[in-house]
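Subject: Structure handover

Hello,

Here is the structure we talked about. Please open it next to this message; my notes follow below.

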Amino acid sequence: MSMMKTALALAMAAAAALLTSSALLADLLPPSPPPTAAAHASSRPSATPRPTSAHGSGSTPDMSTPRATPAPDAPLPTPPPTPERVSDDMNFVSHSLQVHIVEVVRDDVTFYAADIRVADPLQMRSGFAGGKYGTGTAREHPSVIASRYPDCVFAINGDYFGFHTEGVVVREGVLYRNRPRSDKTMLCLFEDGSFRFLRESEAEVSDLLSQGLRNTFSFGPVLVREGQVNTAIRSRAREPRCGIGMYEPGHYLAILVDGRRAGYSEGMTWEEFADLFGEYGVQEAYNLDGGGSATMILSGRVVNRPSGLDERPMSDILYFCE
């Protein structure tokens, strides 16, 4: 009997020691996060177990090294990746280029206004029919020219320089033709994204190239200069129109007016076209080739309705790339 009493006393003493050790261990360990419904889901990992010493689960852990707070049972979900680009028939958005086109109908006129923002002004470029400079019969549909440049996203027709044998033609910093005309004011696009209007006969092309001239377009007239609409231009004919404007370097506006289509769109005069750019608040704007040449393209698709049965073959385009 005395042996049984002794064994029972030893067991009770061991239990008391174990309870005391557990209480001390609970005081030393950081508190566990409160339970959540998600913590009971079988697909989630269980709570991080409390560390033990190398001598087994019943020994007091070594508290000489700090331990991190246990991770939550339900980790935060990883956000979905951001798409590299988003596009539809009238919009294109990527990390370096944004194009938003709206179709506007006013009485008997339909036009398309494209707001364009680029990360780098050098994303505004020019393209040739056949992929290289040529005159005369070197012509292609604008959509075909655009397809020759894999990085092209948005494009409008250029000045159709191949229709003439005179004029100043600079494209992507290369001088191809220098036969200035006294009656032409050209649009000069610089590598910093700025616009400048200069008379062909007064332009020192070599100096302009040293200043960062990238492209020239000679058609006209100037529609808006330094925020002021050109009120000196006169035209009676309402025609399809195409023009490019600048709010500031890197932010541009292209407008395409359809015309010569009774019941759909009659077109605009130069005065009306200049006023339209003025309404949009651009600082500079220039009229490019119009009529049957007026074409707007987004992601390889012709946005507008050219006045002919199809696109007009031409020499060049002005385009924006990623």
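S14 and strand S16 (residues 284-287) pair in the antiparallel sense, over four bridges. Pairing here requires that DSSP finds at least two bridges between two strands. Strands are DSSP runs of E with at least two residues, helices are runs of H or I with at least four, and both are numbered from the N terminus. Within this pair, Ile-244 stands opposite Tyr-286 in S16.

The model is predicted: local features need pLDDT of at least 70, side-chain atom pairs count only at pLDDT 80 or more, and totals for chains, interfaces and linings use all residues. Residues are numbered from 1 along each chain as its sequence is written, and side-chain values use heavy atoms, with hydrogens and water left out.

More on S14. The strand spans residues 241-248, and six of its eight residues are buried. Buried means under 20% relative accessible area, exposed means over 50%, and partly exposed lies in between (1.4 Å probe, protein chains only). S14 also pairs with strand S15 (residues 251-257), antiparallel, over seven bridges. There, Gly-243 has Ile-255 of S15 as its bridge partner. S14 and S15 form a hairpin with two residues between them. Gly-250, in the turn, has a positive phi of about 100 degrees.

Overall figures

The protein has four helices and 19 strands. Of its 322 residues, 40% are buried. Contacts are heavy atoms within 4.5 Å. Among contacts between residues at least 6 apart in sequence, 69% join residues at least 24 apart. The accessible surface comes to about 17,500 Å² (Shrake-Rupley method, 1.4 Å probe). Carbon and sulfur atoms hold 55% of that surface.

Cores

A nonpolar core is a set of buried Ala, Val, Leu, Ile, Met, Phe, Trp, Tyr and Cys residues joined through side-chain atoms within 4.5 Å. The largest has 33 residues. Ile-116, Phe-154, Ile-244 and Met-296 have the most contacts inside this core. Strand S4 (residues 109-118) gives the most to this core, with four residues. Another core lies apart from it and has 16 residues, among them Ile-233, Ile-255, Leu-276 and Ala-285.

Ala-113 is also found in strand S4. Its relative accessible area is 3%, so Ala-113 is buried. Which residues does Ala-113 contact, leaving aside neighbours within four places in sequence? They are His-100, Ile-101, Val-102, Leu-253, Ala-254, Ile-255 and Tyr-280. Ala-113 and Phe-277 are 164 residues apart in sequence, yet their C-alpha atoms are 9.6 Å apart in space.

Salt bridges

The count comes to 13 salt bridges. The rule is a side-chain nitrogen of Lys or Arg within 4 Å of a carboxyl oxygen of Asp or Glu.

Arg-171 pairs with Asp-316, with the closest N and O atoms 3.0 Å apart. Arg-171 and Asp-316 are both buried.

Glu-172 and Arg-214 meet in a salt bridge as well, at 3.0 Å from N to O. Glu-172 is in the loop between S7 and strand S8 (174-179), Arg-214 is in strand S11 (residues 213-217), and the two are 42 residues apart. Glu-172 is partly exposed at 26% relative accessibility, and Arg-214 is partly exposed at 24%.

Glu-239 and Arg-260 form a salt bridge at 2.6 Å, N to O. Glu-239 lies in the loop between strand S13 (228-229) and S14, and Arg-260 in the loop between S15 and helix H4 (270-280), so the pair ties together parts that are 21 residues apart in sequence. Glu-239 is partly exposed at 21%, and Arg-260 is partly exposed at 47%.

Asp-108, Arg-238 and Glu-272 are linked in a network of salt bridges.

A three-stranded sheet

Four bridges join strand S9 (residues 185-190) to S11. In that pairing, Leu-189 stands opposite Asn-215 in S11.

Best regards
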